[in-house]
Amino acid sequence: MPIGGRKVPPQAVEKQTATVASTISGREVELPAMWNRMFEPRVLTRTGPDAFEAISALPGAESLEWCYGCGKCVPVCPVDVVGDYAPRKLHRKVQTGTDLLADADLWLCTTCGNCLRVCPKEVDMIQIMPTVREAALTGGREVPGELQDVFEKTFRYGNALGENPRRRAQWTRSAGVPVRILPTDPSPVDVLFYVEDYWSYHPRGQDAARAFARVATALGIDWAILGHEEKTLGDSQRLAGEKGLFDALVEDVTATLARYEFARIVTPDPHAFNALVKEYPKRGHTFEALHYTQLLAPLADQISWVRPLDLKVTFHDPCYLGRHNGEYDAPRTLIRAIPGVELVEMGRCGVNAYCCGGGGGGMWLDGFTRDKTSERLSERRVREASQTGADMLVVCCPYEVSRFEDAAKSTGNDHVLVRDIIELIDQAMGLAPAGD
Ligand code: SF4
Ligand code: SF4
């Protein structure tokens, strides 16, 4: 109001009213404007509930309906960091008519579990995604070609890489220590070491497998492998929607395991570990299962270190060891025990660790996701590792060494070396051959 001016009173606005007959007394009742609106049909959404009902009716996918749009899942979803994706967004898309069974979004979730950690309504993508993907598979919907290829290789050869099962134990020949293979020496053993696909066949995985063989032998662990009788446990295939294949693998694997006597199963693969502790018991098969870091961490004090490494490293928590199974300490205990190694953490670590992109079938979908995200999740993670100033990104999941080494190259961060923890232990114990 200008100084000395006169206050202008507000204009009274004539409100519309309506007169309706009371449904109880029949008398006429006058309603003010705010009530008038209730007599007009209002459009809430242009689409019907069909798309949503098709998803939420699938046993296992019901919780997608529970979303109330709080948005907590959006900033923690690793796919949203490099794209446009999170449970809330998926919920809205389905609510507004997207047929998720036929949509590319169905294959983007890595089942990393970070959204479930923060979701107040327990919208469970770890159940929803495999369920809807299975429905897409069995319903004859389009499945990314590279994933279909992995399903077929797993079905035919018992491993995702389509390698000859006879070559499962070939890596042992250059381990530098004898490795007991149960089919040729079936006497009882303490540790059945379940090598899984990438440590059996991938060249960088084989480096880690050989390092484990030397370390386990030097520590006096009584251990053996299944050799050509081993098949993948198939947990990532299950999460990618091939539940039938997973169930068939459970039958094959448990029939093989029943032939041998062992106290515990140890695996380097968090996905295999997850299957053993969560999925096999649901099907009536219970084993004492450990990730290899859990086997070695209690022995860290007994290790004779002979070679300090002089390294600054950062550690990537595998989703299926950390968030899914609560193990954050064993890898760090080992890293901190290695002389000369300084551990620096990335901003996103522990419970909030960023995903490498390999879980839930993502390991085989890099081609499919290329034009749906601004960069690969592994590339994003390598840049985070580089920002810590670490010389090395250390991992303890067989998917990760090759994923991160590729990402280090493609992002121009080749100066960040990528190693499995077991490779560092092998070196610091002075067991690795010269040049490794
Ligand atoms: S956190 Fe849960 S309830 Fe909130 S928006 Fe995400 S899915 Fe919906
Ligand atoms: S499980 Fe991980 S990748 Fe999938 S929607 Fe949740 S946060 Fe995103």
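Residues are numbered from 1 along each chain as its sequence is written, and chains are lettered from A and ligands numbered from 1 in the order in which they are written. Because the model is predicted, local features need pLDDT of at least 70 and side-chain atom pairs count only at pLDDT 80 or more, whereas totals for chains, interfaces and linings use all residues.

The chain is divided into domain 1 (50–138), domain 2 (161–298) and domain 3 (304–428), with bounds that come from an automatic or database domain assignment. The centres of domain 2 and domain 3, taken over C-alpha atoms, are separated by 22 Å. Between these two domains, 28 residues of domain 2 are in contact with 27 residues of domain 3, contact meaning that the C-beta atoms of two residues, placed from the backbone, lie within 7 Å. On the side of domain 2 that touches domain 3, the largest share, eight residues, comes from α10; helices (H or I, at least four residues) and strands (E, at least two) are DSSP runs, numbered from the N terminus.

An open sheet of four strands has the order β4-β3-β5-β6, with parallel pairing, where two strands pair if DSSP finds at least two bridges between them. Its edge strands, each pairing on one side only, are β4 (223–224) and β6 (289–291). Helix α13 (residues 270–282) packs on this sheet, touching β5 (262–267) and β6, and its direction makes about 160° with that of β6; axes are lines fitted to C-alpha atoms, for helices over the stretch in contact, and angles run from 0 to 180 degrees between N-to-C directions. Strand β3 (residues 189–193) and β4 pair in the parallel sense over two bridges, and V191 has W223 of β4 as its bridge partner.

Helix α17 (residues 377–387) has buried residues, among them L377, V382 and A385; a residue is buried if 20 or more other C-beta atoms lie within 10 Å of its own, exposed if 12 or fewer, and partly exposed in between, with C-beta atoms placed from the backbone. The cover over these buried residues includes α4, β7 (311–315), β9 (392–395) and α18 (400–410). After α17 comes G389, whose phi is positive, near 85°.

In helix α7 (residues 125–138) lies I126, which counts as partly exposed because it has 19 C-beta neighbours inside 10 Å. Although I126 and G360 are 234 residues apart in sequence, they are 8.7 Å apart in space, C-alpha to C-alpha.
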